[in-house]
Amino acid sequence: MQSPYPLTVRNGPLSDLGAEHAFRLFFDNHHADLSRLAYLVTGDSQAADDLASDAFVEVWRHWERVQAADSPVAYARGIVTNLARQWIKKQTRERAGLLRLGLLRRDRSESDTPAVLDVRAALQRLPQRRRECVVLRYAFDVPEKEVASILGISVGAVKSHTSRGAAQLSEHLRGMPLMMGGHHG
């Protein structure tokens, strides 16, 4: 499959201007989705924007390789997923340290709707790999084979993680109280 972002400009060698233009198009077409992917994996909107930006820095650093990939967007999704995984590990270590010191406050006021909070909380309860599979498959409609490539696992593992993750997500959501008018009902 040929990349929709060709490596040549007018049948000549790739110019810096051509590469920059192709990258800009790629950025414009995929930034919002990659930021959303980072948000759904991390649950943190500020971190998601930072992770998407960091991913595009990496995409640009390896732009020639990205363009040559069968699916440049899958390559970028893999970068976002890896960065999100690293961010979560770092947050976990930092939170554990703050909790041990008694410095972590749990007071968070966000303007999300209750339903979004419920789904986000349920997603956060899923094991990391299941969450990644569920988000990529259902929120981004990424084919199983592409998810396998992004995450570096087999298609069978994607099917298993997605199925179990969806069932677990459903259970978590079923066990949450219904929100009515901002109050638990």
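**View 1. N29 of helix α1 in the predicted model.** This close-up comes from a predicted model. N29 is partly exposed, because its relative accessible area is 48%. The residue sits in helix α1. V73 lies 44 residues away from N29 in sequence. In space, the C-alpha atoms of N29 and V73 are 9.7 Å apart.

**View 2. T42, a buried residue of helix α1.** Helix α1 covers residues 16–42, and T42 belongs to it. T42 has a relative accessibility of 6%, so it counts as buried. Two backbone atoms are reached by its side chain. One is the backbone oxygen of A38, at 2.8 Å from the side chain of T42. The other is the backbone nitrogen of D44, which the T42 side chain reaches at 3.2 Å.

**View 3. The largest nonpolar core and its residue V59.** This core holds 42 residues. V59 and W63 have the most contacts inside it. Eight helices each supply at least two of its residues: α1, α2 (45–61), α3 (63–68), α4 (72–101), α5 (114–125), α6, α7 (144–151) and α8. Helix α1 gives the largest share, 10 residues. Which residues does V59 contact, leaving aside its neighbours within four places in sequence? They are F23, F26, V66, A76 and I79.

**View 4. D54 of helix α2 and its distance to L83.** D54 is part of helix α2. Its relative accessibility is 41%, so D54 counts as partly exposed. Along the chain, D54 and L83 are 29 residues apart. Their C-alpha atoms are separated by 8.1 Å.

**View 5. The crossing of helices α6 and α8.** Helix α6 spans residues 128–139, and helix α8 spans residues 155–174. Their axes come within 8 Å of each other. The crossing angle is roughly 90°. The two helices are therefore roughly perpendicular. From α6, the contact involves R129, R130, C133, V134, R137 and Y138. From α8, it involves V158, H161, T162, R164, G165, A166, Q168 and L169. Sorted by class, the contact of α6 with α8 has 6 nonpolar, 4 polar and 4 charged residues.

**View 6. D141 in the loop between α6 and α7.** D141 is placed in the loop that joins these two helices. Is D141 buried or exposed? Its relative accessibility is 63%, so D141 counts as exposed. The backbone deserves a look as well. Phi of D141 is near 55°. That is a positive value in a residue other than glycine.

**View 7. The packing of helices α7 and α8.** At what angle do α7 and α8 pack? The angle is about 100°, and the axes are 8 Å apart. That makes the two helices roughly perpendicular, because angles of 65 to 115 degrees fall in that class. On the α7 side, E144, K145, V147 and A148 take part in the contact. They meet V155, V158 and K159 of α8. By class, this contact has 4 nonpolar and 3 charged residues, with no polar ones.

**View 8. S170 of helix α8 and its distance to L123.** S170 is found in helix α8. Its relative accessible area is 30%, so S170 is partly exposed. L123 stands 47 residues away from S170 in sequence. The C-alpha to C-alpha distance of this pair is 9.9 Å.

**View 9. The whole protein chain.** The chain has 185 residues, and buried residues make up 38% of them. How many helices and strands does the secondary structure hold? There are 8 helices and 2 strands. From the N terminus on, the order is α-α-α-α-α-α-α-α-β-β.

Key
Residues are numbered from 1 along each chain as its sequence is written. This is a predicted model: local features need pLDDT of at least 70, side-chain atom pairs count only at pLDDT 80 or more; totals for chains, interfaces and linings use all residues. Side-chain values use heavy atoms; hydrogens and water are left out. Axes are lines fitted to C-alpha atoms, for helices over the stretch in contact, and angles run from 0 to 180 degrees between N-to-C directions. Helices (H or I, at least four residues) and strands (E, at least two) are DSSP runs, numbered from the N terminus. Angles under 35 degrees count as roughly parallel, over 145 as roughly antiparallel, 65 to 115 as roughly perpendicular and the rest as oblique. Contact means heavy atoms within 4.5 Å. Ala, Val, Leu, Ile, Met, Phe, Trp, Tyr, Cys and Pro count as nonpolar, Asp, Glu, Lys and Arg as charged, and the others, Gly among them, as polar. Buried means under 20% relative accessible area, exposed over 50%, partly exposed in between (1.4 Å probe, protein chains only). A polar contact is a pair of N or O atoms within 3.5 Å; within protein, one must be able to donate a hydrogen and the other to accept it, and residues adjacent in sequence count only if both atoms are side-chain atoms. A nonpolar core is a set of buried Ala, Val, Leu, Ile, Met, Phe, Trp, Tyr and Cys residues joined through side-chain atoms within 4.5 Å.
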